[in-house]
Amino acid sequence: MKKIVLAACLALSFAVPSAFAQSAAPVDADTAAAVKELLVVMHTRDNILQMMAQMQKNMPAMMLQGATAAIKNNPKMTDAQKDEAIAKAAKEIPQAAANMASTMNDPAMWDEMLAEFVPLYARHFTAAELRQMSAFYKTPVGMKVISTMPQLAGESMQISQKVMMPRLNAMMQKMVKHP
């Protein structure tokens with residue numbers, strides 16, 4: 001059962017965009033200040049927290065859906081065993097989701113992530129470009145982009161889940177069939 005809950009957690013982790021770790025080159029003070037200004041103007045912390053809160057609402061259902069699919073498609077289990085395993089997963093998943101939520105709500109983690117955004121943005125934009133982006137996000141259209149971003153992200157997540165879940169369920173089925 002723990003294997004199935006773990007597989008469901010693994011599947012859920014693919015729903016969150018991955019950051020590709022790269023070594024951070026030193027960022028000059030002007031560029032670092034421009035990145036930090038942009039992150040403030042874009043309400044980055046608030047948007048991330050809103051997206052994570054939305055994901056946390058859906059997390060138990062997503063995990064149960066994945067675990068249920070894996071269990072139902074396990075040819076080594078009888079129907080009674082499947083029913084028992086699904087019931088057990090339904091009992092265990094809320095605690096697993098709560099543990100994940102607790103980890104994801106750690107303010108220190110978000111501070112670390114935001115600190116990592118400085119070299120990320122600095123690799124892709126100059127200080128002048130970052131200031132231009134900040135200026136844009138202060139305009140009415142820019143503010144609309146920022147205020148609409150959480151809704152777009154939530155709807156994008158739903159689309160991603162709709163497209164990804166069949167593939168992730170198939171992957172979990174293979175894991176259950178071939179441990």
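**Helix packing and an aromatic cluster**

The crossing of α3 and α4 is right-handed, the near helix being turned clockwise from the far one by less than a right angle. This is a predicted model, in which local features need pLDDT of at least 70 and side-chain atom pairs count only at pLDDT 80 or more, while totals for chains, interfaces and linings use all residues. Residues are numbered from 1 along each chain as its sequence is written, and side-chain values use heavy atoms, without hydrogens and water.

Helix α3 (residues 44–72) and helix α4 (residues 79–104) pack at an angle of about 155°, their axes lying 9 Å apart. That angle makes α3 roughly antiparallel to α4 (over 145 degrees). Contact (heavy atoms within 4.5 Å) involves residues of α3 including Met52, Met59, Met63 and Ile71, and residues of α4 including Ile86, Ala89, Ile93 and Met100.

The structure also holds three aromatic pairs, defined by ring centres within 6.5 Å.

Tyr121 counts as buried at 18% relative accessibility (under 20% with a 1.4 Å probe, protein chains only). Phe125, with a relative accessible area of 32%, is partly exposed (between 20% and 50%). Phe117, Tyr121 and Phe125 form one aromatic cluster.

Technical notes: Axes fitted to C-alpha atoms, helices over the stretch in contact; angles between N-to-C directions. Helix = DSSP H or I, 4+ residues; strand = E, 2+ residues; numbered from the N terminus. Parallel < 35°, antiparallel > 145°, perpendicular 65-115°, else oblique. Phe/Tyr/Trp six-rings, centres within 6.5 Å; stacked < 30°, edge-to-face > 60°.
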